[in-house]
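Here are a few notes from going through this one, meant to be read with the structure open. Have a look and see if you read it the way I do.

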Amino acid sequence: MKKTINFACSNCLNIFDVEMEDIHFDKQRELHFTPEPECTFCGGTEDVVLSDYGMEQIEDLMFSNKIKTIK
């Protein structure tokens with residue numbers, strides 16, 4: 001199931017959506033995205049963070065048990 005998540009780029013200051021194939025937590029409870037989010041405006045990957053709305057989307061997915069933990 002693909003999920004569309006909202007991100008923000010601190011390099012070019014744009015907000016954009018990325019369609020994710022997979023979102024999961026690793027053993028250290030770090031969130032991992034497949035594919036790695038990339039700014040659709042400037043192509044940056046290191047300056048990309050979850051937007052406020054993206055954080056809400058992740059929380060909704062967590063509370064509905066749609067993000068798995070890789071052990």
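This is a predicted model: local features need pLDDT of at least 70, side-chain atom pairs count only at pLDDT 80 or more; totals for chains, interfaces and linings use all residues.

1. Setting aside neighbours within four places in sequence, Ile23 touches Lys3, Ile5, Leu31, His32, Phe33, Ile58, Leu61, Ile67 and Lys68.

2. Ile23 also turns up in the largest nonpolar core, which has 14 residues. It is listed there among those with the most contacts inside the core, along with Ile5, Phe7, Phe16, Met20 and Ile58. Strand S1 (3-9), strand S2 (15-20), S3 and helix H1 (52-63) each give two or more residues to this core.

3. Now the sheet. Three strands make up an open sheet with mixed pairing, running S4-S3-S6. Strand S4 (31-34) and strand S6 (68-69) are the edges, each pairing on one side only.

4. How do S3 and S4 pair, parallel or antiparallel? Strand S3 (residues 22-25) goes with S4 in the antiparallel sense, over four bridges.

5. Last, a look at Thr4, which sits in strand S1. Beyond neighbours within four places in sequence, Thr4 contacts Asp17, Val18, Glu19 and Gln57. As for Leu31, Thr4 is 27 residues from it in sequence and 15 Å from it in space, C-alpha to C-alpha.

How values were computed. Residues are numbered from 1 along each chain as its sequence is written. Side-chain values use heavy atoms; hydrogens and water are left out. Two strands pair if DSSP finds at least two bridges between them. A nonpolar core is a set of buried Ala, Val, Leu, Ile, Met, Phe, Trp, Tyr and Cys residues joined through side-chain atoms within 4.5 Å. Buried means under 20% relative accessible area, exposed over 50%, partly exposed in between (1.4 Å probe, protein chains only). Contact means heavy atoms within 4.5 Å.
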